[in-house]
Amino acid sequence: MEKSAASTEPQGPRPVLGRDSVQCRMECRDVPAETLYDVLHDIEYRKKWDSNVIETFDIARLTVNADVGYYSWRCPKPLKNRDVITLRSWLPMGTDYIIMNYSVKHPKYPPRKDLVRAVSIQTGYLIQSTGPKSCVITYLAQVDPKGSLPKWVVNKSSQFLAPKAMKKMYKACVKYPEWKQKHQPHFKPWLHPEQSPLPSLALSELSVQHADSLENIDESSVAESREERLGGAGGEGSDDDTSLT
């Protein structure tokens with residue numbers, strides 16, 4: 001049965017590749033593929049709509065379509081928060097787009113004592129245009145959170161948190177054109193690499209971040225907080241869109 005035009009809920013997640021993997025698929029009937037691509041790249045806008053983010057910034061560029069960046073995020077309470085250093089690459093393919101990343105080591109950004117360094121084994125977005133003002137996004141994340149997590153976290157991440165994050169991203173896409181008009185509308189270094197202010201970095205200065213080289217954190221016995229059980233903000237983010245202005 002065809003979905004109604006108002007339906008933008010993620011279709012997923014589907015079980016893939018193991019317990020630390022999540023896959024979601026979402027139809028966006030009033031969001032062009034290029035807008036969704038811009039939203040995923042625009043780091044300043046992400047700070048507005050991604051309520052899970054603690055800190056995020058680009059570190060350096062490797063090529064015209066690859067860079068290295070930092071991202072830390074809030075985990076469901078009372079788990080410790082996580083961070084990653086990733087090498088990200090992207091490729092426009094006509095009216096479709098792909099963005100991929102995996103974890104790397106950067107000599108100037110070692111693991112922090114107040115966060116658990118997670119590992120992105122392979123994470124990516126595939127954006128497929130389905131019309132002038134519509135697209136489908138598929139999200140795949142294979143991540144090692146570095147630690148023994150309780151079952152409630154694994155279940156919640158795949159069944160609730162990932163789809164909710166996709167829905168929030170969709171809402172951000174709807175508001176992005178208006179926001180961008182007020183915030184450097186022509187600044188899009190992911191489309192125009194000559195605009196990038198990032199320093200260049202040689203690939204030889206990086207190395208792949210293997211999970212077994214990082215400390216394992218045993219949080220398997222941590223109980224879900226009352227706030228989380230009631231659907232509070234800790235780790236999930238709010239559906240309030242007032243910040244997207």
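This is a predicted model: local features need pLDDT of at least 70, side-chain atom pairs count only at pLDDT 80 or more; totals for chains, interfaces and linings use all residues.
**Reading burial, cores and a pocket**

Trainee: In which element does serine 134 lie, and which residues does serine 134 touch, not counting residues up to four places away in sequence?

Mentor: Serine 134 belongs to strand β8, and, once residues up to four places away in sequence are set aside, it touches Cys28, Arg29, Val31, Pro32, Ala33 and Ser129. Sequence distance and distance in space should be read separately: aspartate 30 is 104 residues apart from serine 134 in sequence, yet their C-alpha atoms are 5.1 Å apart in space.

Trainee: How many helices and strands does the chain have, and what share of its residues is buried?

Mentor: There are 4 helices and 9 strands, and along the sequence they follow the pattern β-α-α-β-β-β-β-β-β-β-α-β-α. Of the 245 residues in the chain, 47% are buried. If we take contacts between residues at least 6 apart in sequence, 65% of them join residues at least 24 apart.

Trainee: Which residues touch the most other members of the largest nonpolar core?

Mentor: The general idea is that nonpolar side chains tend to be buried together in soluble globular proteins. In this model the largest nonpolar core holds 30 residues, and those touching the most other members are Leu36, Leu40, Ile127, Ile137 and Met169. At least two residues of this core come from each of β1 (21-28), α1, α2 (43-49), β5 (96-105), β7 (119-131), β8 (134-144) and α3 (151-181), with α3 providing the largest share, 8 residues. A second, separate core has 10 residues, including Ala60, Val104, Leu115 and Leu206.

Trainee: What is leucine 40 in contact with, leaving aside its neighbours within four places in sequence?

Mentor: On that basis, leucine 40 is in contact with Arg88, Ile99, Tyr125, Ile127, Ile137 and Met169. Tyrosine 125 sits in strand β7 and counts as buried because its relative accessibility is 16%, which falls under 20%. Beyond its neighbours within four places in sequence, tyrosine 125 has contacts that include Leu40, Arg46, Tyr97 and Ile137. Between tyrosine 125 and isoleucine 137 the C-alpha to C-alpha distance is 6.8 Å, with 12 residues of separation in sequence.

Trainee: How many residues line the largest pocket, and which lie nearest its centre?

Mentor: In general, rolling a probe the size of a water molecule over the atoms shows where empty space is left. The largest pocket is lined by 26 residues, with Ile43, Asp58, Phe187, Pro189 and Trp190 nearest its centre; about 420 Å³ of space lies in this pocket. Two or more lining residues come from each of α2, β2 (53-63), β3 (66-73), β4 (82-93) and α3, and β2 gives the most, with 5 residues.

Trainee: How do the lining residues divide into nonpolar, polar and charged?

Mentor: The lining of the largest pocket has 12 nonpolar, 6 polar and 8 charged residues.

Notes:
Residues are numbered from 1 along each chain as its sequence is written. Side-chain values use heavy atoms; hydrogens and water are left out. Buried means under 20% relative accessible area, exposed over 50%, partly exposed in between (1.4 Å probe, protein chains only). Contact means heavy atoms within 4.5 Å. A nonpolar core is a set of buried Ala, Val, Leu, Ile, Met, Phe, Trp, Tyr and Cys residues joined through side-chain atoms within 4.5 Å. On a 1 Å grid over the protein atoms alone, a cavity is a set of points where a 1.4 Å probe fits but cannot get out, and a pocket is an open set with protein on both sides within 12 Å along at least five of seven lines; lining residues have an atom within 4 Å of a point. Grid points are joined across faces, edges and corners, and a volume is the space filled by probe spheres set on the points. Ala, Val, Leu, Ile, Met, Phe, Trp, Tyr, Cys and Pro count as nonpolar, Asp, Glu, Lys and Arg as charged, and the others, Gly among them, as polar.
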